[in-house]
Amino acid sequence: MSFVSDRHLEGEALAQIQREIDVCNEQFGLSMQLCLDNPQAFDGTLAHYGSFRDVRNHIALVGPKRPALDEDCGTAGGRVVLLAQPLGLNTCWVALTFRRRASAARIAPGERFVCCIAIGYGENDGASHSVKPIEKLARTGSNALDTMPAWFVSGLKAAQLAPTALNQQRFCFELDEDRRAAHARTLPTPSCGHIDLGIARLHFELGANTVSDDWMFS
């Protein structure tokens, strides 16, 4: 993805992004950091292989090592990504095609740099990608999807649009027997499965909440 290299992230857009990062760090116990004017992280061969050009800013997703770290980073990072779009900013999740050691992010002992999000003003809004039908993202037993609660279907439709590594969408949502709870789980995947699951859970929650608040994750 190409960014406009001479347009800096500043003003109210910068302030809102930083506030959301601060809130997410507090809520999820993370050390997410906004690294401004740090093009060195994207000036390597891998970044160019990944079609990144003129990336000056990124959000480093960092936190204390723990089993749920990847999923928490996916959810917290997803919140920042969703905020960025109406601010006129463009973003892209990056797991491999950047130089961690060249990032300005500070990694404390016991912490891990999970991945990052390139952020800035893009030359365009990117391209749409293919998605799986919602039937393939759900596990509903013998019940037809059209008999599922409206909140569950709305959640699936929102999760269907969640960005995932290589557009794999290796996650699924199961409706509990009481029909008031959903269980999210990742499917076998070579990489980024739990990051993707965190992003998908966030999208599912936002979609389900537009219909009902009488449900929960199990």
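**Sheet, helix packing and salt bridges in a predicted model**

Cys 92 stands opposite Ala 118 in strand S4. The model is predicted, so local features need pLDDT of at least 70 and side-chain atom pairs count only at pLDDT 80 or more, while totals for chains, interfaces and linings use all residues. Residues are numbered from 1 along each chain as its sequence is written, and side-chain values use heavy atoms, with hydrogens and water left out.

Secondary structure follows DSSP runs: helices (H or I) have at least four residues, strands (E) at least two, and both are numbered from the N terminus. Two strands pair if DSSP finds at least two bridges between them. S3 and S4 pair in the antiparallel sense over 5 bridges. Strand S2 (residues 58-64) also pairs with S4 (residues 111-120). That pairing is antiparallel and runs over 7 bridges. Within it, Pro 64 has Glu 111 of S4 as its bridge partner. Gly 63 stands opposite Arg 112 in S4.

These pairings belong to an open sheet of 4 strands. The strand order is S1-S2-S4-S3, with antiparallel pairing. Strands S1 (33-35) and S3 (90-94) stand at the edges. Each has a single partner strand, so one side of each is left without a neighbour in the sheet. Neighbouring strands of this sheet are turned by 25 degrees against each other on average, direction ignored.

Helix H3 packs on the sheet and touches S2, S3 and S4. Contact here means heavy atoms within 4.5 Å. The direction of H3 makes about 15 degrees with that of S4. Axes are lines fitted to C-alpha atoms, for helices over the stretch in contact, and angles run from 0 to 180 degrees between N-to-C directions. In S4, 9 of the 10 residues are buried, so the strand is largely enclosed by the rest of the structure. Buried means under 20% relative accessible area, exposed over 50%, and partly exposed in between (1.4 Å probe, protein chains only).

H3 also meets helix H5. Two packed helices are described by the angle between their axes and the distance between the axes. The axes of H3 and H5 come within 6 Å and cross at roughly 50 degrees. That makes H3 oblique to H5. Angles under 35 degrees count as roughly parallel, over 145 as roughly antiparallel, 65 to 115 as roughly perpendicular, and the rest as oblique. The crossing of H3 past H5 is right-handed. A crossing is right-handed if the near helix is turned clockwise from the far one by less than a right angle, and left-handed if anticlockwise. On the H3 side, the contact residues include Gly 74, Gly 78, Arg 79 and Leu 82. On the H5 side, they include His 194, Gly 198, Leu 202 and Leu 206.

Helix H4 has 9 buried residues out of 11, so the helix is largely enclosed by the rest of the structure. Among the buried residues of H4 are Trp 151, Phe 152, Leu 156 and Gln 160. The buried residues of H4 pack against strand S5 (138-139), S6, S7 and H5. Ser 154 lies in this helix (residues 150-160). At 17% relative accessibility, Ser 154 counts as buried. Leaving aside neighbours within four places in sequence, Ser 154 is in contact with Gly 207, Ala 208, Thr 210 and Val 211.

Side chains of opposite charge can pair when their charged atoms come close. A salt bridge is a side-chain nitrogen of Lys or Arg within 4 Å of a carboxyl oxygen of Asp or Glu. By this rule the count comes to 9 salt bridges. One of them joins Arg 79 and Glu 20, with N to O at 3.0 Å. Arg 79 lies in H3 (residues 69-84) and Glu 20 in helix H1 (residues 11-28), so the pair ties together parts that are 59 residues apart in sequence. Arg 79 is partly exposed, with a relative accessible area of 21%.

A salt bridge also forms between Arg 185 and Glu 174, at 2.8 Å from N to O. The pair links distant parts of the chain, with Arg 185 in strand S7 (residues 181-186) and Glu 174 in strand S6 (residues 171-175), 11 residues apart. Arg 185 is partly exposed at 30% relative accessible area. Glu 174 is partly exposed at 22%.

Asp 214 forms a salt bridge with Arg 180, the closest N and O atoms being 2.7 Å apart. Asp 214 sits in the loop between H5 (193-209) and strand S8 (216-217). Arg 180 sits in the loop between S6 and S7, and the two residues are 34 residues apart. Asp 214 is partly exposed at 40% relative accessibility, and Arg 180 is partly exposed at 47%.
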